[in-house]
Amino acid sequence: MHTTSQPPIDGTADPTRTTTREGTGGASAGRDGGPAHERRVSARDRVGAFVALTKPRIIELLLVTTLPTMILAAGGLPDLWLVVKTLVGGTLAAASANVYNCYLDRDIDKVMNRTKRRPLATGEVTPRAALVFATVLGVVALVWFAWLVNVVSAWLTFGAIAIYVVGYTMILKRRTPQNIVWGGIAGCMPVFIGWSAVTGSLSWSAVALFLVIFFWTPPHYWPLSIKFRSDYAEAGVPMLPVVADDRKVAREMILYGLAMVASSLALWPLAGMTWVYGVVALGLGAWFMTECVTMLRRAKDPSLGKLGAMKVFHASITYLTLLFVAVAVDVFLPL
């Protein structure tokens, strides 16, 4: 969808603007000395602002998990038109959830350095326009799935949007350090949506894939939260790295990582995967856990070097991408 930062997934490195372009609604002065909001905004800039609200980089990662899931569910290449319909619908749904997130978090986005250039924070897009945009995207996504895919996928899509917007953004994010854990369920939903798009139902194999992403989300997102700890603290968002020291964060990352690896290995017999998938899953898991353990050792003894949180963050993306590539490729192996 993904929907799940997610998840959930609500942020890899900031996928929005890095500069305030001419024609934005910020408070900077124009070339003629007048306020920026008085200048003409080009259609391209306006479209770009709305696209930025959808957080395209997050959507890319969500779709990476959907296609391999559909291949596994079909036991080969699924119908191409079905794949297109599912990916388009998933993109619309994830975009809707992300825009709602930007709308609801626009107050703290203005405070955080990582997000203060997002279009709602700068005034490039008005709150009303963003709310309408998010709603239209969500309605179109649900109708799209119900009409062109199936009703099961449509309901799962509705659940993914609701979990991310209401469960994570509105209820959990500002109240508990476990926000990303339970809110991350939304980021797990693409595997359910992809599987149900092919089969019209769910299976234990889909559950195993769901759990891989569920347990992957904390060790993926907490390193990023360490990097932007001061931002979250300033905004009053109790991410675990804000309320706990690096050693505790690293220990919990290891626990979730072990559960993630166990879930990836459980898929091996559940889906009848070949030994190739098993070796790849084990090797990737061992590599990623080594990165987490190294981070813990450095948290305990800074003389060993820098913490390397962002190295673990990037490793988590590599891990998930390669694991799901292995899921897709294994289906076609003549073993």
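Is the crossing of α10 and α15 left-handed or right-handed?

A: The crossing of α10 and α15 is left-handed (the near helix is turned anticlockwise from the far one by less than a right angle; clockwise would be right-handed). Please keep in mind that this is a predicted model, in which local features need pLDDT of at least 70, side-chain atom pairs count only at pLDDT 80 or more, and totals for chains, interfaces and linings use all residues. Residues are numbered from 1 along each chain as its sequence is written, and side-chain values use heavy atoms, leaving out hydrogens and water.

Let's find the two helices (DSSP runs of H or I, at least four residues, numbered from the N terminus). Helix α10 covers residues 204–227 and helix α15 covers residues 309–330. Their axes (lines fitted to C-alpha atoms over the stretch in contact) lie 7 Å apart, and the helices pack at an angle of about 160 degrees (on a scale from 0 to 180 between N-to-C directions). α10 and α15 are therefore roughly antiparallel to each other (over 145 degrees).

Which residues meet here (heavy atoms within 4.5 Å)? On the α10 side you will find L209, V212, I213, W216, P219, H220, P223, L224, I226 and K227. Facing them from α15 are A309, M310, V312, F313, S316, I317, Y319, L320, L323, F324 and V327. Sorted by class, this contact of α10 with α15 has 18 nonpolar residues, two polar and one charged (Ala, Val, Leu, Ile, Met, Phe, Trp, Tyr, Cys and Pro are nonpolar; Asp, Glu, Lys and Arg are charged; others, Gly among them, are polar).

Now for another pair, α6 and α7. These two pack at an angle of about 160 degrees, with their axes 8 Å apart, so α6 and α7 are also roughly antiparallel to each other. Here α6 passes α7 in a right-handed crossing. From α6, the contact uses G138, L142, F145, A146 and V149, while α7 brings S153, A154, T157, F158 and I161. By class, the contact of α6 with α7 divides into seven nonpolar residues, three polar and no charged.

Stay with α7 and look at its contact with helix α9, residues 185–199. The axes of α7 and α9 come within 9 Å and cross at roughly 175 degrees, which makes α7 roughly antiparallel to α9. In α7, the residues V152, S153, L156, T157, A160, I163 and Y164 take part. They meet I185, A186, M189, F192, I193, S196 and A197 in α9. This contact of α7 with α9 has 11 nonpolar residues, three polar and no charged.

Technical notes
Angles under 35 degrees count as roughly parallel, over 145 as roughly antiparallel, 65 to 115 as roughly perpendicular and the rest as oblique. Contact means heavy atoms within 4.5 Å.
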